[in-house]
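Thanks for asking me to look over this one with you.

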Amino acid sequence: MPFKSIVKNILGIKCMAIDKVSVEGEKVFIDVHPTKGCECRCGCCGCKGRYYDKGRGARAWRTLDCEGHEVYLRYSVYRVYCPHCKAVHTCMVPWASHGSRFTERFEQVTAWVALQMDKSAASKFMRIAWHTVGDIMSRVFESVAAKSASPLEGLVNIGIDETSYRKGHSYITVVVDHDRGKVVWAREGHCENVLSTFFMELGEERCKRIRLVSCDGARWIRNCVENFCENAERCVDPFHVVQWAMDSLDKVRSEFWQKARQEERGQKRTRGRPAKGEEKKESLASAIKNSKFAVGKADENLTESQRKKLELIEVKCPELYRARSLKEALRIIFSMDYTQAKVELGKWLGWAQRCRIEPFRELRKKILRHYDGILASIKYGLSNARIEAINNKIKLVIRKAYGFRNIQNMLDMIRLKCGCFAVSLPWERLENAA
């Protein structure tokens, strides 16, 4: 087999002919040119155009290394006038995307490596600048997305949540398909205008097919679901509902700790230390202050010391103990079946109304506002657990990259790592085809 044919098979690029191979120092340059069918084509749209001028002359594209040597494809590009774009663009080359200085195979391998390790290690392994990795990821995402079906097709059960990507209240809104367990949409910001963009991209017909939407109690999510998804039921995440009860309980605990501390300030302290073998008595203020985990835990998870604190609180501060009982009763409701949970939730709302504990009376009003959504989550067993797991993956992506300056590069990385698009190595595609 001729040497040029061997080199061409190694490169694995179609519609390309090799002119010569030369070594310049530690770098290998392969002079190539496109075959006749790929000549005079627009680099943007690929349409056949008319030769315009010689442009800037020779250009080199980095391809995969060979035994530690950097390998470049070299070709004298020219400009063509495209009748479709009605503009002058650089000619198309079959081995690289428009505007890139790397071959498609090199970018595909770089994207795969960046998804497996942190950005600094990927840049060192591929011997490119760290900021170049982000640009390559964006180009690979555009290429993969253009060849794949839209992730917005076939959505029935979705989850909506926001997650922070850096300090200073910087958030992104994430939409997840519960059936596939993948991110289908992500955008910077977390407000009604941002989420409305998703539903407008989804379109009226696809919005009508959505049946269930899991989310927290955010008003901007509720408004968007009501405005765009007329056939959808909103499922309020049980974890967030229990977290509301925990926040109310903590307000009650903090209030009683302040009262107990004020009362103990006027009392005289006993002199001396407790006798040997005598157990030191814990004050009520101290017991309430250190009871955050005790009152927050489920009964089956309490330690012996936490049980003793609860016994002291039950005797000395019955109102705080009653608030904990309200929290526990609400938590248990989410482990019941729909019919029983509906009855018990009604009883709980009546109990919260009569409890004379202001934070829980406010919680009752909040639960009434989301009553249908809470019952729907129990009925269909849908929660935001999958979205929270994906949020952890998103934070891992950001941590591995040591943050992103370009928000678009970050979103593209998230879509490739957690979305419906798969990045494979070039030789994996060949094996699958075989």
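1. At what angle do helix H5 and H7 pack, and how far apart are their axes? This is a predicted model, and in it H5 (residues 192-202) packs against H7 at about 30°, with 9 Å between the axes. Angles under 35 degrees count as roughly parallel, so H5 is roughly parallel to H7. The crossing of the two helices is right-handed.

2. Now for the residues behind that packing. From H5, the contact takes in Glu192, Leu195, Ser196, Phe199 and Met200. Facing them from H7 are Trp220, Ile221, Asn223, Cys224, Asn227 and Phe228. Sorted by class, the contact of H5 with H7 has 7 nonpolar, 3 polar and 1 charged residues.

3. On to the sheet. It is an open one of 5 strands, in the order S8-S7-S6-S9-S10, and its pairing is mixed. Strand S8 (182-188) and S10 are the edge strands, each pairing on one side only. From one strand to the next, the twist averages 25°.

4. Let me take the parallel pairs together. Strand S6 (residues 157-166) runs parallel to S9, and 3 bridges join them. Within this pair, Asn157 stands opposite Leu212 of S9. S9 (residues 212-215) also runs parallel to strand S10 (residues 233-236), to which 4 bridges join it. Here Cys215 has Val236 in S10 as its bridge partner.

5. What kind of unit do S9, helix H7 and S10 make? With H7 spanning residues 219-228, the three elements form a β-α-β unit, and the unit is right-handed.

6. Ile172 has Glu188 in S8 as its bridge partner. The two strands form a hairpin with 4 residues between them, and in this hairpin Gly181 takes a positive phi near 70°.

7. How does H5 lie relative to the strands? H5 lies across S6, strand S7 (170-177) and S8, and runs at about 130° to S8. H5 therefore has two sets of neighbours to look at, as H5 is also roughly parallel to H7.

8. Helix H8 (residues 238-265) and helix H12 (residues 318-333) have axes that come within 10 Å and cross at roughly 175°. Angles over 145 degrees count as roughly antiparallel, so H8 is roughly antiparallel to H12.

9. Which residues of H8 and H12 meet? On the H8 side they are Val241, Val242, Ala245, Met246, Leu249, Val252, Arg253 and Phe256. On the H12 side they are Glu319, Leu320, Ala323, Arg324, Lys327, Leu330 and Arg331. The contact of H8 with H12 divides into 10 nonpolar, no polar and 5 charged residues.

10. Lys20 is found in strand S1 (residues 16-24). Leaving out residues up to four places away in sequence, Lys20 touches Phe29, Ile30 and Asp31. Phe3 is 17 residues from Lys20 in sequence, and their C-alpha atoms are 9.8 Å apart in space.

How values were computed: Residues numbered from 1 in each chain as written. Predicted model: local features only at pLDDT ≥ 70, side-chain atom pairs only at ≥ 80, totals over all residues. Heavy atoms only, no water. Pairing = 2+ DSSP bridges. Right-handed = clockwise from strand over helix to strand, strands pointing away. Axes fitted to C-alpha atoms, helices over the stretch in contact; angles between N-to-C directions. Parallel < 35°, antiparallel > 145°, perpendicular 65-115°, else oblique. Left-handed = near helix turned anticlockwise from the far one by under 90°. Contact = heavy atoms within 4.5 Å. Nonpolar A, V, L, I, M, F, W, Y, C, P; charged D, E, K, R; others polar.
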